[in-house]
Amino acid sequence: QVTLVESGGGLVQPGGSLRLSCVASGSISSINAMGWFRQAPGKQRDLVATITTGGSTNYADSVKGRFTISRDNIKNMVYLQMNSLKPEDTAVYYCNARNFLGFTFYDYWGQGTQVTVSS
């Protein structure tokens, strides 16, 4: 079992920045990759960024060049630095941890943290 707790969300003006943090606890060794997803009201959950234990990253086109995902393997944390925020970035952001098991996988999710970009 893995528990994820996000923090760092809040209200920010367009063009501003926020840094989201996620700490993992429990069966940490089972985590192969971590990432951030977001879900706006009435919309599906979308991938924002992912990072593997080896450091490979993947970003949604909408956030490339603005967001940066990173992880601290010692502290068992993953971060999402969000710059040049836009109103369309407003959503609940969820931390994700994925455990790859052969040909399948298992996902763990945090409780979510609200990010609101508005003037």
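I'll start with Arg45: its charged end sits over the ring of Phe37, 5.7 Å from the ring centre. A charge counts as sitting over a ring if NZ of Lys or CZ of Arg is within 6 Å of the ring centre and within 35 degrees of the ring normal. There is another case, Arg98, whose charged end sits over the ring of Phe105, 3.7 Å from its centre.

Before going on, how this was made. The model is predicted, so to speak of a local feature we need pLDDT of at least 70, and side-chain atom pairs count only at pLDDT 80 or more, while totals for chains, interfaces and linings use all residues. Residues are numbered from 1 along each chain as its sequence is written, and side-chain values use heavy atoms, with hydrogens and water left out.

Staying with rings for a moment, the count of aromatic pairs comes to three. The rule is that rings of Phe, Tyr and Trp (its six-membered ring) pair if their centres lie within 6.5 Å; planes under 30 degrees apart count as stacked, over 60 as edge-to-face and the rest as tilted.

Now the strands. Strands here are DSSP runs of E with at least two residues, helices are runs of H or I with at least four, and both are numbered from the N terminus. Two strands pair if DSSP finds at least two bridges between them.

Which strands make up the open sheet, and in what order? There are four, in the order β1-β3-β8-β7, and the pairing is antiparallel. β1 (2–7) and β7 (67–72) stand at the edges with a single partner strand each, so one side of each has no neighbour in the sheet. On average, neighbouring strands of this sheet are turned by 15° against each other, direction ignored. For that angle, axes are lines fitted to C-alpha atoms, for helices over the stretch in contact, and angles run from 0 to 180 degrees between N-to-C directions.

Going through the pairs: β1 and β3 (residues 18–26) run antiparallel and are joined by six bridges. Thr3 has Ser25 as its bridge partner in β3, and Val2 stands opposite Gly26. On to β3 and β8, which pair in the antiparallel sense over six bridges. There, Leu18 stands opposite Met82 in β8. As a general point, side chains in a regular strand alternate between the two faces of the sheet.

β4 (residues 33–39) and β5 (residues 46–52) run antiparallel and are joined by six bridges. The bridge partner of Trp36 in β5 is Ala49. The hairpin of β4 and β5 has six residues between the strands, and in it Gly42 takes a positive phi near 75°. β5 is also joined to β6 (residues 57–59), by three bridges, again antiparallel. Ile51 has Thr57 as its bridge partner in β6. In this hairpin, with four residues between the strands, Gly55 takes a positive phi near 100°.

How many disulfides does a search of the whole structure find? It finds one, where a disulfide is a pair of cysteine sulfur atoms within 2.5 Å. The pair is Cys22 and Cys95, with sulfur atoms 2.1 Å apart. The link is left-handed, with -85° about the S-S bond. It links distant parts of the chain, with Cys22 in β3 and Cys95 in β9 (residues 91–101), 73 residues apart. Both Cys22 and Cys95 are buried. Buried means under 20% relative accessible area, exposed means over 50%, and partly exposed is in between, using a 1.4 Å probe and protein chains only.

Asn99 lies in strand β9 and is buried, with a relative accessible area of 11%. Not counting residues up to four places away in sequence, Asn99 touches Ser30, Asn32, Thr104, Phe105 and Tyr106. Contact here means heavy atoms within 4.5 Å.

Is Gln39 buried or partly exposed? Gln39, in strand β4, is partly exposed, with a relative accessible area of 31%. Its contacts, leaving aside neighbours within four places in sequence, are Gln44, Arg45, Ala91, Val92 and Tyr94. Gln39 and Asp89 are 50 residues apart along the chain, and their C-alpha atoms are separated by 9.5 Å.

Last, Ser84, in the loop between β8 (77–82) and β9. Ser84 is partly exposed, at 41% relative accessible area. Ser84 and Leu18 are 66 residues apart in sequence and 9.3 Å apart in space, C-alpha to C-alpha.
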